[in-house]
Amino acid sequence: MATYKEIFGTNIEVLASDPANPVTGQVWYNSTDNVVKGLAATTAGAWATGGSLNTAKARLGASGTQTAALAFGGENVTATTESYDGTSWTEVNDLNTARRLLAGTGIQTASLAFGGESPVATDFSLTESWNGTCWSEVADLNTARNISGGSGLYTSALGAGGFNQGVPVTEAKTESWNGTCWTEVADLNSARSGNMSVGDSNTSSLTFGGSGPTSALTESWNGTCWAEVGDLTTGRQCNSGGSGSVTAALVYGGEEPLGESSKTESWNGTSWTEDTDLSTARSSLGGAGTSNTLGLAIGGATPSSTTATEEFTGAGAPLTVTFTDS
């Protein structure tokens, strides 16, 4: 029988701890744990339990990545903000204005929170910018609204759809943020609220789902106009969680006609495909992540507010495995 060295040209390394940056296919012996380990690629998406929020949150805003996220505002009209390091949540400085049903976007150290609803069900046009330490009020939205989709960065963002209680009307309006002010741009093709948006900037965004009624519609923004693209497999509303970009997105949770959803779908730039369900069905949750292989589901309603956090690893993502003799 051929040895590992004869096949791969090297001996299995003996290490006191797992290597910091292994490559797929690498095998090593962990002398502390007394086991052989290797780096493989996952064959199917999977959700794992992450650190719990300090305060149960639904109808919240969120931003960041799977290992560096921010959660702010939420049900009971709170101003609390929490920061995630990939393991646990830590309370940090509050929003200046407490609110729920707000939109959020950006990264953990540079985020944007806008819109939302007050304790007396009045919509906000307020926008706040997070610098990694505290929130500062910046220029307002042109149209006050709640439960809209937010995407992009704190210097280049997009707000789409939402519900305007002052009229009242479900909005198709889109506003573009340049780091200083909001400008109205081309409307969505289909007015909706409770939609989820992902994207890299104010010139590249994807929005999906929402209500008016429960929608499966997906629209893609190219910096000038919205175009309808492939529908979700399952229509959903009440702010499902979302991660990723225009070409590689993930949607999870939300509310279907019969209640909270656990369904997860992956977007490849053309169509949605069903993936592994969330462990806990929920709506009105926060989402973070920059791809369709690494997502973070934050809080939500089950139907009561929850502290639960789940981390998604998609098919093809690196996975450390331990070899046994069975």
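How many helices and how many strands does the protein have? It has 1 helix and 32 strands.

Before we go on, a word on what we are looking at. This is a predicted model, where local features need pLDDT of at least 70 and side-chain atom pairs count only at pLDDT 80 or more, while totals for chains, interfaces and linings use all residues. Residues are numbered from 1 along each chain as its sequence is written, and side-chain values use heavy atoms, with hydrogens and water left out.

Let's start with the overall form. The C-alpha trace spans about 75 × 40 × 40 Å along its principal axes. Of the 326 residues, 52% are buried. Buried means under 20% relative accessible area, exposed means over 50%, and partly exposed is in between, using a 1.4 Å probe and protein chains only.

Now, the largest pocket. Here a pocket is an open set of points on a 1 Å grid over the protein atoms alone, with protein on both sides within 12 Å along at least five of seven lines; a 1.4 Å probe that fits but cannot get out marks a cavity instead, and lining residues have an atom within 4 Å of a point. The largest pocket holds about 410 Å³ of space. For that volume, grid points are joined across faces, edges and corners, and we take the space filled by probe spheres set on the points.

Which residues lie nearest the centre of this pocket? They are Gly104, Thr105, Gly150, Ser197 and Gly287, out of 35 lining residues. Strands that each supply at least two residues of the lining include strand 9 (103-107), strand 13 (149-153) and strand 19 (196-201).

Is Gly199 buried or exposed? Gly199 counts as buried because its relative accessibility is 16%. Its contacts, leaving out residues up to four places away in sequence, include Ser151, Gly152 and Gly244; contact means heavy atoms within 4.5 Å. Gly199 and Thr247 are 48 residues apart in sequence, with their C-alpha atoms 9.0 Å apart in space.

Next, some loops. Ser211 is in the loop between strand 20 (204-208) and strand 21 (218-221), and Ser211 is buried, with a relative accessible area of 16%. Pro213 belongs to the loop between strand 20 and strand 21, and the peptide bond leading from Gly212 to Pro213 is cis, with omega near -10°. Another cis bond joins Thr302 and Pro303, where omega is about 25°.

Finally, look at the backbone angle phi. Ile147, in the loop between strand 12 (135-138) and strand 13, has phi near 45°, a positive value in a residue other than glycine. Ser284, in the loop between strand 28 (272-275) and strand 29, has a positive phi near 55°. Ile147 counts as buried at 14% relative accessibility, and Ser284 is buried at 8%.

Conventions:
Helix = DSSP H or I, 4+ residues; strand = E, 2+ residues; numbered from the N terminus.
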